[in-house]
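Trainee: I have a new structure open and would like to learn how to read it. Could you walk me through it?

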Protein chains: 2
Amino acid sequence: MATDPLFERLALIGVGLIGSSIARLAQSEGLVREIVVCARSEQTRAKALELGLAGRAEAEPGTAVEGADLVILCAPVGANAALAEAMAPHLAPGAIVSDVGSVKAAVIRDVAPHLPENVHFVPGHPVAGTENSGPEAGFAELFEERWCILTPPEGTDPAAVERVAEFWRRAGSKVEIMDAAHHDVVLAITSHLPHLIAYNIVDTVADLEATTKAEVFKYAAGGFRDFTRIAASDPVMWRDIFVNNREAVLEMLGRFSEDLTALQRAIRRGDAELLEEVFTRTRAIRKGVVDAGQA
Amino acid sequence: MATDPLFERLALIGVGLIGSSIARLAQSEGLVREIVVCARSEQTRAKALELGLAGRAEAEPGTAVEGADLVILCAPVGANAALAEAMAPHLAPGAIVSDVGSVKAAVIRDVAPHLPENVHFVPGHPVAGTENSGPEAGFAELFEERWCILTPPEGTDPAAVERVAEFWRRAGSKVEIMDAAHHDVVLAITSHLPHLIAYNIVDTVADLEATTKAEVFKYAAGGFRDFTRIAASDPVMWRDIFVNNREAVLEMLGRFSEDLTALQRAIRRGDAELLEEVFTRTRAIRKGVVDAGQA
């Protein structure tokens, strides 16, 4: 890209799948002049430098954000409050702070109170990922053609929002602005509940006796395999998502359980008609997803 | 292939995804000299001939199986009893009858009583499929590197079992012999429960208000999308599977629901430790599937 960088110095707090993908694309698309990454473990910092993800790798969030005009929190959402508190005194005036968390109301609750007045907070959620984690797992194309949802609190400077939006557009993403609470409800059903269900069915298998389990692995192609891929996602990241989007997830889980009880009853009673009716309805939903260009 | 055909005349009763895939591979691998298909609807028969799947297309199972040395039932399993009854008087002495159903004890219960003494019954289940259905959806490579499980009742002629096994090996499949009841338990967890769960979560979305539903389609990439693909599978085929594998499915569903209640409780209580423990355990299961060469 021959265009000018959007930011001078990007600080990435956390350099796993998402953080390292941002570092890669920020470099390949020339979105920033320099990158500083922050990671707690020395091993991760060494790996990040070895992979060429940043010019500098810091252990302390405060040191990492000094002089940065864009800071993106890329750690599991449960770490945000402590990170925001640690970095707040070191933020440059006018800096933009953003994040990539899969829940947004909790991020605003945890981060906003720590930030100084002269800093802009533009929470974001790139709806993209794989079941892999760590700095080696990232790639620059991860966000291409994917949605990035921004949930700026009321009163956020529109110019700051636009700069973050432009960053994601140049990452290849489609940007959408949304209310944080609404984001959390929509993602509870599109992402959080599917992950919970996948984790759960895979854990049900973990409880089976050893010989049956070996056969489950062998014949996994019948449907179970797709669930194991989802259920291999990062445990700490997902732990934090469920703890921090409790209400919306429990609401959707309640609906799911009611529906499942109805299906269970239909199977017990041999109610073929009801089963066919439900399975026909779900086919139409697939069509909705395909028509929305998401299949 | 320069080898001789394994059978003279193959009769396929039903010509959807599986039946039409068998027709294609039987031709491309030279497994049979001629193929007759049987379909209730005139439209399907015309389509099968137009696609070149068979030399002849019949409406009546009895007419279709006349002179065939291999008959494969490829209809939804709920249709098997009536099909077996209709074709039984027309079966050639020494013919082998097989099937492709995803449940096996019910198939033996429904088919075996109708078959004459001088016919061999070798039930089979190629563990392969896609979410598409109909004669156009099939392809010759569908069974390559996939398992085909045969569940011959006690006393079945080993030579007949071997001929069916060879048919599937030449289709590219790995063949396994198993007890029918055991097959139904293993498939209940690897395939039937995952499909039920996918159908259910997609149906939960079907119940949401229209505006939320539109957003679910839009952001489906977060996990929900994978479920919609599974839940787009043939409704009649799956209706019949659940009705005919009731006990094993209800048993696995009971375990699944217990586990889900425990996760729900952990989320409600904010028990981060338990959530992380479960999500870490499921990662190891994924490794089991990958190590089994099924990922």
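Trainee: Where does E145(A) lie in chain A?

Mentor: Look at the loop between strand 7 (124-126) and strand 8 (147-150) of chain A, and you will find E145(A) there. The backbone has something to show as well: E145(A) is not a glycine, yet its phi is positive, about 65°. In chain B, E145(B) also has a positive phi of about 65° and sits in the loop between strand 7 (124-126) and strand 8 (147-150) of that chain. E145(B) is exposed because 12 other C-beta atoms lie within 10 Å.

Trainee: How far can I trust the model? What pLDDT does chain A average?

Mentor: Where pLDDT is low, the predicted coordinates should not be read in detail. Chain A averages a pLDDT of 95, and 99% of the residues score at least 70. For the complex, the predictor gives an ipTM of 0.90 and a pTM of 0.90.

Trainee: Now the fold. How many helices and strands are there in chain A?

Mentor: Chain A has 12 helices and nine strands. Its radius of gyration is 21 Å, close to the 19 Å of the globule rule for 295 residues, so chain A is as compact as a globular protein of that length. Its C-alpha trace spans about 65 × 45 × 35 Å along the principal axes. Of the 295 residues of chain A, 56% count as buried. As for contacts in chain A with a separation of 6 or more, 75% are between residues 24 or more positions apart.

Trainee: Which residues have the most contacts inside the largest nonpolar core?

Mentor: In soluble globular proteins, nonpolar side chains tend to be buried together. Here the largest nonpolar core has 214 residues, and those with the most contacts inside it are L12(A), V37(A), L12(B), I13(B) and V37(B). Take L12(B): beyond its neighbours within four places in sequence, its contacts include I22(B), I35(B), V37(B) and I72(B).

Trainee: How many residues does each chain bring to the contact between A and B?

Mentor: Chain A brings 76 residues and chain B brings 76 residues. On the side of chain A that touches chain B, helix 7 of chain A gives the most, with 18 residues. The residues on that side divide into 44 nonpolar, 15 polar and 17 charged. The copies meet through the same surface, because 100% of the interface residues of chain A are also interface residues in chain B.

Trainee: Which residues of helix 8 of chain B are buried?

Mentor: E215(B), V216(B) and F217(B) are buried in helix 8 (residues 210-218) of chain B. Their cover includes helix 7 and helix 12 of chain A, along with helix 7 (180-206) and helix 9 (224-230) of chain B.

Note on methods. Residues are numbered from 1 along each chain as its sequence is written. Chains are lettered from A and ligands numbered from 1 in the order in which they are written. This is a predicted model: local features need pLDDT of at least 70, side-chain atom pairs count only at pLDDT 80 or more; totals for chains, interfaces and linings use all residues. A nonpolar core is a set of buried Ala, Val, Leu, Ile, Met, Phe, Trp, Tyr and Cys residues joined through C-beta atoms within 7 Å. A residue is buried if 20 or more other C-beta atoms lie within 10 Å of its own, exposed if 12 or fewer, and partly exposed in between; C-beta atoms are placed from the backbone. Two residues are in contact if their C-beta atoms, placed from the backbone, lie within 7 Å. Helices (H or I, at least four residues) and strands (E, at least two) are DSSP runs, numbered from the N terminus. Ala, Val, Leu, Ile, Met, Phe, Trp, Tyr, Cys and Pro count as nonpolar, Asp, Glu, Lys and Arg as charged, and the others, Gly among them, as polar. pLDDT is the predictor's confidence in each residue, from 0 to 100. The radius of gyration is taken over C-alpha atoms; the globule rule is 2.2 Å times the number of residues to the power 0.38.
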